[in-house]
Structures are given as structure tokens and as C-alpha cells.
Amino acid sequence: MKFRKRRQFFPSCSSHHQVEDDEAWERREKGNKEPRWQWSSSSAHVIAQLANYLFYEPVVVATGMVGTRSWIGGLFTRSNRRQDKSSVDYTLSPLQEERLQRLQDRMVVPFDETRTDHQESLKSLWNVAYPNVSLTGLVTEQWKEMGWQGPNPSTDFRGCGFIALENLLFSARTYPACFRRLLFKQRGDRAKWEYPFAVAGINISFMLIQMLDLQNNAKPKCLPGMNFLKLLEEDEKAFDVLYCIAFAMMDAQWLAMHASYMEFNEVLQATRNQLERELSLDDIHRIQDLPAYNLLFQ
């Protein structure tokens with residue numbers, strides 16, 4: 001499916017500006033015709049159809065990470081190839097090397113539904129998200145309410161691995177107000193068909209790994225990735241915090257673009273573009289220096 005290209009705008013951290021170009025305005029005025037999907041009255045069915053649009057047949061890549069043949073792999077690897085042309089060699093500090101290795105070790109751990117610690121992490125995510133609702137099992141229709149494709153979340157982690165669950169848990173425990181705002185879509189003029197929270201979270205984890213060039217090289221070769229190592233040296237949780245920032249930024253971009261389910265790809269790409277710009281700034285020395293960091297507290 002082809003989208004009409006829209007100029008990307010990202011609002012300031014203090015407000016969501018409703019800025020659109022003439023083409024987008026004209027399209028909406030004409031009715032903003034959406035593709036005809038077979039919707040049912042069930043919100044879970046809507047989530048499943050949207051998730052299937054985002055994730056296609058999984059394929060294991062060489063590093064042990066699990067990717068997809070969908071837009072994820074093609075969209076982000078093309079961007080990385082452009083950046084590698086201007087890469088330069090550099091030396092890691094001992095602390096950077098140690099923390100980068102630990103992060104890369106996390107990236108190659110697949111989600112294993114037979115491991116007790118992975119099961120407990122999944123249960124913990126549910127308990128943080130819905131503290132007053134008992135989970136009936138690891139395989140249950142309840143998971144669809146959080147935005148998983150089906151009753152068994154383990155199948156969705158084929159898109160990234162255990163680190164995606166770690167990112168979601170970190171977000172819920174470290175920035176609970178922001179987590180709940182995103183999970184329950186508590187802010188802004190929301191679309192009729194919203195992005196599924198959990199599936200979006202997995203996409204964001206995968207996007208960051210690609211954007212920072214962490215997957216296929218001993219060390220990043222792109223400027224955002226190289227600058228990220230400075231943040232990692234200051235804070236070993238820099239990747240997890242960056243994930244939380246990226247999720248909040250994606251939601252802000254979603255609202256600014258008045259996006260709907262079929263425009264998730266565009267929103268994620270706009271989010272990546274903004275993160276790359278912020279990570280390329282000269283005066284970024286800590287994760288808190290990123291302009292979008294304040295989105296976590298709004």
C-alpha cells in the first residue's frame with residue numbers, strides 16, 4: 001500500500017501543534033478515505049487486524065535477533081546504509097565497551113515462554129498495567145486489551161526478543177504516569193482506530209536497535225549511535241530511558257499528525273527522524289539533555 005508523502009512535523013515539548021500541509025488538509029476534507037477493512041464490533045479484533053498489518057512473517061536474522069519481512073527491516077536498514085557512508089572510526093572507553101557489550105547481550109536473548117523468569121516478567125507487566133484485574137493465565141484473551149495480537153503474547157516477541165518486554169517493564173516501573181497515559185490513550189484528540197500499545201512498543205524497541213546501529217557491528221557507525229555511547233557511559237539505563245522517550249515522542253507525533261492505524265509507519269519514521277536529530281546535537285552529554293526528555297513528565 002502506498003501513502004501520500006506528508007511533511008513531518010514534531011511539536012514542541014510543551015504542546016501538540018496541529019500543523020498540517022495543504023495536501024493532508026485537502027485529503028481530509030474530501031473524506032480521508034480509509035482502506036476497507038472487515039471490522040467487527042470487538043476492539044480486540046481491531047487490534048489483531050492492525051497488528052497483522054504491522055507484523056508479517058517472522059524471520060531470524062544472523063545475529064540471533066528476530067526481525068520481520070515487513071516494513072520494519074527494509075525501512076530502517078535503508079536508513080542505516082545511508083548513514084554508514086559518513087561513519088568514522090573511534091575508540092571506546094573501557095566503560096563504554098563494557099556497557100555496550102551488556103546491552104548487545106540483552107538484544108540477542110529471545111523471549112522464551114518456558115522460562116520461569118520470562119513468565120514472571122510478563123505477569124509483572126500485567127500487574128503493573130492492571131493492578132486491580134487478576135490475570136487468568138499466560139495465555140488468555142485478556143492480553144488483547146493491552147494491544148497484543150492474540151491471547152499468547154509470546155508470539156509477538158518474535159519481532160524483537162526479551163529486551164522488548166524489559167523495555168515495557170522499565171517504562172511501567174520508572175515512569176508510571178507516562179506509561180499509563182500511553183497505555184490508556186489519556187491525552188489528545190484520539191483516532192477512531194488507535195495503534196495497539198504492546199505491538200507499538202515492540203516496534204519501538206526494534207526501531208531503536210536499528211537506528212543506533214547496535215545490531216550488526218561491534219560498535220555503532222552512525223552519528224546518533226556514537227553519541228548514544230556517551231549517554232550510555234553516563235547512565236547504563238540510557239537505552240531503556242531512550243525507549244521511554246521514543247514511545248512518548250511517537251504518541252506526540254501521532255497526535256500532531258492526526259494519524260490513524262494505516263499511518264503508523266509514517267509516524268514511526270517521523271519519530272526516528274526526530275530522535276536522530278536530537279542525538280546528533282553537540283550539547284547532548286546525558287540522556288536528560290535530550291529536548292524530548294521532558295515528554296516523560298507531561
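A charge is taken to sit over a ring if NZ of Lys or CZ of Arg is within 6 Å of the ring centre and within 35 degrees of the ring normal. In this predicted model, Lys219 lies over the face of Tyr90, 4.7 Å from the ring centre. Lys185 is placed over the face of Tyr195, at 4.3 Å from the ring centre.

Residues are numbered from 1 along each chain as its sequence is written. Because the model is predicted, local features need pLDDT of at least 70 and side-chain atom pairs count only at pLDDT 80 or more, while totals for chains, interfaces and linings use all residues; side-chain values use heavy atoms, without hydrogens and water.

Rings of Phe, Tyr and Trp (its six-membered ring) are paired if their centres lie within 6.5 Å, with planes under 30 degrees apart counted as stacked, over 60 as edge-to-face and the rest as tilted. Trp126 and Trp143 make an edge-to-face pair, because their ring centres are 5.4 Å apart and their planes stand at 75°. Trp126 belongs to helix 5 (residues 116-129), whereas Trp143 is in the loop between helix 5 and helix 6 (162-174), 17 residues apart; helices are DSSP runs of H or I with at least four residues, numbered from the N terminus.

Trp126 has 2% relative accessibility and counts as buried, that is, under 20% relative accessible area with a 1.4 Å probe and protein chains only. Trp143 is also buried, at 0%. Phe228 and Phe239 form an edge-to-face pair, 6.4 Å centre to centre with 80° between the planes. Phe228 lies in helix 9 (residues 223-234) and Phe239 in helix 10 (residues 238-256), so this pair ties together parts eleven residues apart in sequence. Both Phe228 and Phe239 are buried.

Definitions and conventions:
Helix = DSSP H or I, 4+ residues; strand = E, 2+ residues; numbered from the N terminus. Buried < 20%, exposed > 50% of the residue type's maximum accessible area, 1.4 Å probe, protein only.
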